[in-house]
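These are notes for a colleague who is meeting this structure for the first time. Please keep the sequence and the three-dimensional view open while reading the numbered points.

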Amino acid sequence: MHSTFPVIALLVLLPTVGAVVVGLLPKSRRELVLPIATALSTLPLAVALYILWEFSATDGAAFQFTESVSWYEPWGIGWNVGIDGISLLLITLTAILFPLSILASTSVVKDVKLFMVSMLLLETGLLGVFVSLDLLLFFVFFEMTLVPMYLLIGIWGSENRVYAAIKFFLYTALGSALLLTGIVALAVMYGNETGTISFAFQDLLGLELSANAQLWLFLGFGAAFAIKVPLFPFHTWLPDAHTEAPTAGSVILAGVLLKLGTYGFVRFNLTLFPEATVRLAPWLAGLAVVGIIYGAAVAIVQPDVKRLVAYSSVSHLGFIVLGTFALTSQGLQGGVIQMVNHGLTTGALFLLVGMIYERRHTRQISDYGGLAGVMPLFAGVFLFMAFASIGLPGLNGFIGEFKILLGSYLAFPVMAILAASGVVLAAIYLLWAYERMFTGPVTNAANAGLKDLNARELTILVPIALLVVLLGIYPKPALDRIEPAVENIIERIEEATGHESPEFGRIDDLPAATGENSP
Amino acid sequence: MIPLLAQASTDGLTVEPHWYMALAAVLFAIGAAGLLLRRNALVMFMSIELMLNAVNLTFVAVDSGLGSLEGQISVLFVMVVAAAEVTVGLAIIVAVFRKRATASVDELAGMRG
Amino acid sequence: MDFLIFLIVALPLAGFLELLFFGKRIGEPGAGYVASATVGISFVLALIAGFDFLQGGEHGRTVELFAWIPSLGLNATFLWDPLSAMMTLVVTGVGALIHIYSIGYMHGDPGFGRFFTYMNLFITSMLLLVLGANFGILFVGWELVGLSSYLLISFWFEKPSAAAAGKKAFVVNRIGDFGFLIALMLIFNSFGSLDYGSVFEGAEATLTAGTATAIALLLLVGAAGKSAQLPLYVWLPDAMEGPTPVSALIHAATMVTAGVYMVARTGALFELSSVAGAVVTTVGALTAFYAATIAIGQRDIKRVLAYSTISQLGYMFMGVGALALVGGVFHLVTHAFFKALLFLGAGSVIHAMAGEQDMGKMGGLRKKVPVTFATMVIAWIAISGIPPFAGFWSKDEILASVFNRGGGYIVLWAVGIVTAGLTAFYMSRMMFLTFWGEPRWDDGVVPHESPRSMTVPLLALAGLSAVGGLINTPWRPALEHFLEPSFELVDQTHLPEAGVQVALAAVSIAAGVIGLLVAYRRYVSRATQLEEGGRWDTLLAGYHVDDLYGRTIVAPGKAAADVMAFTADAKLVDGAVNGMGGLVNWAGRILSKLQTGMVRSYGLGILGGVVGVVVWLLVAGGGF
């Protein structure tokens with residue numbers, strides 16, 4: 001909308017160009033691979049920052065920077081891309097996390113080039129997903145993330161990597177199959193209605209679907225997204241994949257890849273199948289709440305710190321889904337901002353776990369103890385990120401959780417109350433883990449000589465920490481950009497279904513447990 | 001099918017379309033029998049070619065009867081594919097023969113489950 | 001003026017940031033000076049900014065800094081009214097004194113800079129808590145004081161017990177916050193805003209009695225967590241693992257009173273629910289009595305004070321619960337003076353005894369630490385409710401107001417009176433065991449008076465404990481006038497007639513004196529040593545409530561989590577997933593038998609298939 005220059009195409013393709021460049025580096029100069037890959041991965045960040053700067057907040061509901069190049073006219077397939085307030089934040093998150101996680105990959109020794117190529121291709125896939133306004137294009141990018149991540153886990157993972165990689169691949173591919181079926185069915189239905197098949201998101205928005213068709217299509221799309229999120233009980237690939245993946249893989253997996261699921265729900269399920277959304281919302285919110293409590297409870301007793309963080313993701317993503325399916329403006333806004341927040345804090349926690357793993361080569365909590373005395377800086381940053389994850393007000397995690405809780409209370413009071421208990425559980429699992437790893441005397445001699453964070457590691461962590469504080473204290477710029485897009489979605493649901501998004505001020509809707517409503 | 005038969009001329013000298021069909025059926029049967037009964041990969045390959053050509057024959061015959069072109073186009077496709085198949089197939093057979101000194105398919109059962 | 005109020009918070013924050021990044025470089029004692037100076041200047045600024053309120057009638061102002069979460073009606077806004085001004089003065093005033101004290105107390109500790117970093121973080125957070133103009137900022141402060149408390153309790157993190165105590169404090173507080181959060185959801189649901197102004201002014205018109213009760217009780221859950229009331233008090237005794245100035249500042253004078261502040265601030269909501277008010281008062285009375293009984297049996301000087309704090313907080317809850325908001329807040333102020341003094345005095349004693357906290361190894365310290373002793377005596381008399389010292393006025397105002405509510409409240413008043421007697425007894429026991437009698441010191445301990453930086457704050461607090469009660473006497477209720485604008489929405493409980501007041505005061509003084517005398521007879525005249533065995537052990541262990549919670553909540557909770565993680569998740573949920581994979585594997589192995597490797601058998605299969613299809617077409621299609 002600002003210029004005709006295809007800035008999104010540039011954003012999405014830059015990492016691929018980077019992958020080619022890295023691939024062409026001479027074999028003998030392997031020490032160059034990491035710095036060059038890091039430098040290359042900052043280019044998309046620069047473009048993302050340009051987009052962030054140029055994005056018009058007042059027009060947050062509309063897709064901006066749209067590009068439309070037809071590829072196969074009869075089926076309406078093409079390069080249809082655009083960015084609204086929701087995708088804006090997610091591409092920024094993606095573009096920030098990649099350089100940091102590449103920079104964190106110094107311990108990769110095997111096939112460094114292939115590793116970096118995988119990372120950069122993965123970035124193209126992820127960025128593509130967030131900008132696609134064509135369902136087939138979306139699917140292509142959605143699948144494109146699968147292979148590099150499979151390689152990352154399967155080649156550079158730890159002991160159980162092959163099992164985890166195959167499980168990850170098969171599980172998510174199963175969802176993808178259903179997604180593709182749904183996409184094709186939707187396009188064909190559009191063809192039946194109008195005479196021309198179309199995969200374009202904007203076209204499909206105009207399609208009137210029967211309640212039954214909506215239900216089945218919702219389930220098809222939803223299966224893929226629910227596995228990706230992952231929603232309880234489809235989550236078991238996650239702890240394995242997160243735990244076995246190399247640090248960069250875990251960071252991207254938790255930070256960005258899981259958001260494909262929640263983003264898909266928000267972008268497609270809510271808008272394309274509003275009636276089914278309203279009908280199924282209580283069920284999905286219910287699963288989300290189960291996930292919140294279950295993930296947190298399971299996290300408490302994990303002996304492996306990386307697995308603990310992985311299960312905490314299940315709990316946190318439950319919050320996002322709950323907020324999304326509350327179908328209130330507050331809840332959905334909270335869900336979207338929480339996608340970014342979780343990406344930052346959990347990404348940082350995985351980075352930290354990776355850094356300590358590089359030093360000690362163990363993930364068992366019981367192998368540590370008293371680290372705060374040995375590596376005070378590391379302990380401080382860990383505690384900081386833990387509190388951000390716990391949802392301490394003033395840091396970013398709180399904003400999303402608070403909005404989600406307030407927003408979902410309007411729709412599902414009992415579920416919101418149950419979800420709030422996740423806040424208590426989060427404090428238990430993270431602080432207990434911190435207590436066991438960092439406090440007390442140093443019991444294991446192997447921990448006594450550990451080095452504190454070095455300059456490179458600080459370079460990785462400081463930007464995240466700054467964003468954590470910034471989004472916690474002054475989230476307004478982010479919220480301003482999300483709000484119009486979210487309102488747009490809620491309005492669409494209300495118009496399409498007559499469902500009234502609950503607003504505040506409904507005092508008669510108290511749960512029965514809280515007492516009589518006599519004046 | 002019905003118009004095709006109805007068109008059959010009473011002129012005894014004309015080669016009627018259903019003769020072609022019959023020939024094609026015979027060729028196909030020979031091919032199928034050859035494929036099932038012979039063990040030599042090369043011969044089996046020839047049998048397949050025979051079957052393909054039997055089908056081609058029916059295409060052309062029916063097309064001329066109907067006066068349409070679609071079948072003939074299909075025939076061109078089949079021929080191209082068959083040519084490609086021969087290239088690859090023969091190459092494989094030759095490669096296998098060099099390695100195993102046999103072209104008997106019964107001895108090449110390495111991929112059984 | 002607005003800038004002044006901003007500075008009150010910004011200074012400690014700046015101090016925190018400076019110490020966070022340069023604390024190590026600044027080192028000892030510079031870090032202490034920076035921290036004390038920022039808090040001290042904040043105190044002076046608060047004095048200047050609060051001057052207007054002395055005239056009375058001034059409503060104060062809101063200071064809007066920036067938009068935080070606008071769609072929730074949450075902005076970074078400060079409310080500068082008499083109540084927040086008074087709280088700010090207490091926090092910065094007592095805070096500055098304790099900071100100065102800490103310079104001496106923490107001398108030589110390797111974590112000197114870190115200590116003051118956390119302390120300034122605490123002051124900043126506490127100021128946010130009391131200055132916030134909406135529930136959002138209140139909650140920010142609420143959680144951040146929890147964080148500072150966590151950091152300071154586990155300050156000596158090499159000690160496993162300290163680390164565990166910090167975690168316990170945070171987690172138990174979070175349980176309270178769970179209630180608080182739900183209350184916020186209800187409030188937002190009812191008002192569509194979390195701003196004090198719109199909530200309190202709209203409360204009467206908007207809320208039904210049921211909702212008001214629900215909100216008030218849920219707020220109470222939050223307050224009970226932070227202010228260590230039944231049944232969430234268990235973290236506070238353990239919190240004594242932290243350095244003593246921390247106990248004085250956070251776990252006596254300021255943070256733990258946040259719950260009282262919150263109830264007072266939201267008085268307009270509590271007013272709408274007589275049930276909630278009664279529950280708050282009852283919880284307060286029971287906690288006051290219960291904690292006082294445990295305090296009797298403690299050996300550790302700091303744990304006596306910890307249980308005493310819980311008990312005194314109970315009094316404050318009685319006050320605010322009975323809608324004697326001024327009384328509750330008044331006791332908050334005087335308690336901040338004398339309890340901070342007691343803790344700092346105890347710290348001075350511990351310092352003198354080279355770290356010994358067991359009263360069984362003290363005794364006869366009067367002459368050795370005269371300043372500490374003299375100042376602690378004042379605090380002791382103040383807390384025992386002997387006029388004209390501070391504690392008497394505030395405690396009596398609460399008890400008289402509770403009595404004046406009539407009905408069941410009279411029972412609660414009686415509980416308060418009994419507790420007053422117990423308070424005098426356990427405080428006297430502590431004083432006698434510490435300062436009277438024969439020395440029972442360990443070998444090599446040479447008690448010595450603390451340095452000037454520690455005794456000066458003691459003296460200042462002693463002065464405040466002595467005369468602080470005079471700010472609100474029945475004949476000259478200055479504090480009441482001062483706070484009036486903040487509480488004008490609330491129809492407060494008033495004091496009974498003068499005659500009744502005098503009678504009630506006589507009863508409570510009598511209770512205090514009896515407590516003192518009984519203790520004197522027992523510990524001085526008969527020189528009873530520290531008791532052991534039997535019921536005393538039960539008291540010492542706090543009725544074994546920690547064990548009880550451990551057995552009934554923590555252990556089953558962990559067992560449930562174990563079942564979820566290692567049975568449900570690993571076997572059931574993941575088992576189903578892997579089972580699916582296994583099924584496919586198995587089917588593949590069965591079906592792969594069909595692949596014989598015999599090309600001709602495949603051909604036969606194809607031929608059979610073709611024949612089958614043709615036959616089916618002929619039969620189904622009716623044939624040629």
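This is a predicted model: local features need pLDDT of at least 70, side-chain atom pairs count only at pLDDT 80 or more; totals for chains, interfaces and linings use all residues.

1. Residues are numbered from 1 along each chain as its sequence is written, and chains are lettered from A and ligands numbered from 1 in the order in which they are written.

2. Helix H16 of chain A covers residues 376–390 and reaches 21 Å from its first C-alpha to its last, close to the 21 Å expected at 1.5 Å a residue, where the expected span is 1.5 Å times one less than the number of residues. Helices (H or I, at least four residues) and strands (E, at least two) are taken as DSSP runs and numbered from the N terminus. After H16(A) comes Gly391(A), whose phi is positive, near 95 degrees.

3. Which chains touch most? Of the two pairs of chains that touch, chains A and C have the most contacts, a contact being two residues whose C-beta atoms, placed from the backbone, lie within 7 Å. Chain C brings 50 residues to this pairing and chain A brings 52. On the chain C side, at least two residues each come from strand S1 (61–69) and from helices H5 (135–153), H6 (160–191), H8 (209–226) and H23 (545–591), and H6(C) gives the most, with 17 residues. By class, this side of chain C has 31 nonpolar, ten polar and nine charged residues; Ala, Val, Leu, Ile, Met, Phe, Trp, Tyr, Cys and Pro count as nonpolar, Asp, Glu, Lys and Arg as charged, and the others, Gly among them, as polar.

4. The contact between chains B and C takes twelve residues from chain C and ten residues from chain B, and the chain C side of it has five nonpolar, five polar and two charged residues. Chains A and B, by comparison, are joined by no contact, and their closest C-alpha atoms lie 22 Å apart.

5. Chain B has four helices and zero strands, and 13% of its 113 residues count as buried. Within chain B, residues 24 or more positions apart account for 45% of the contacts with a separation of 6 or more.

6. Chain C has 24 helices and two strands, and its C-alpha trace spans about 120 × 65 × 55 Å along its principal axes. Of its 624 residues, 58% count as buried, and among its contacts between residues at least 6 apart in sequence, 81% join residues at least 24 apart.

7. In chain C, the axes of helix H1 (residues 2–26) and helix H4 (residues 112–131) come within 8 Å and cross at roughly 165 degrees, which makes H1(C) roughly antiparallel to H4(C). Axes are lines fitted to C-alpha atoms, for helices over the stretch in contact, and angles run from 0 to 180 degrees between N-to-C directions; angles under 35 degrees count as roughly parallel, over 145 as roughly antiparallel, 65 to 115 as roughly perpendicular and the rest as oblique. The residues of this contact divide into 14 nonpolar, six polar and two charged.

8. Helices H11 (residues 258–265) and H14 (residues 301–321) of chain C pack at an angle of about 0 degrees with their axes 10 Å apart, and are therefore roughly parallel to each other. Val260(C), Val263(C) and Ala264(C) of H11(C) meet Leu313(C), Met316(C), Phe317(C) and Val320(C) of H14(C), a set of seven nonpolar residues with no polar and no charged ones.

9. Pro245(C) lies in helix H10 (residues 244–253) of chain C and counts as buried because it has 27 C-beta neighbours inside 10 Å. Leaving aside neighbours within four places in sequence, Pro245(C) is in contact with Ile98(C), Tyr101(C), Ser102(C), Tyr105(C), Leu344(C) and Gly347(C).

Technical notes:
A residue is buried if 20 or more other C-beta atoms lie within 10 Å of its own, exposed if 12 or fewer, and partly exposed in between; C-beta atoms are placed from the backbone.
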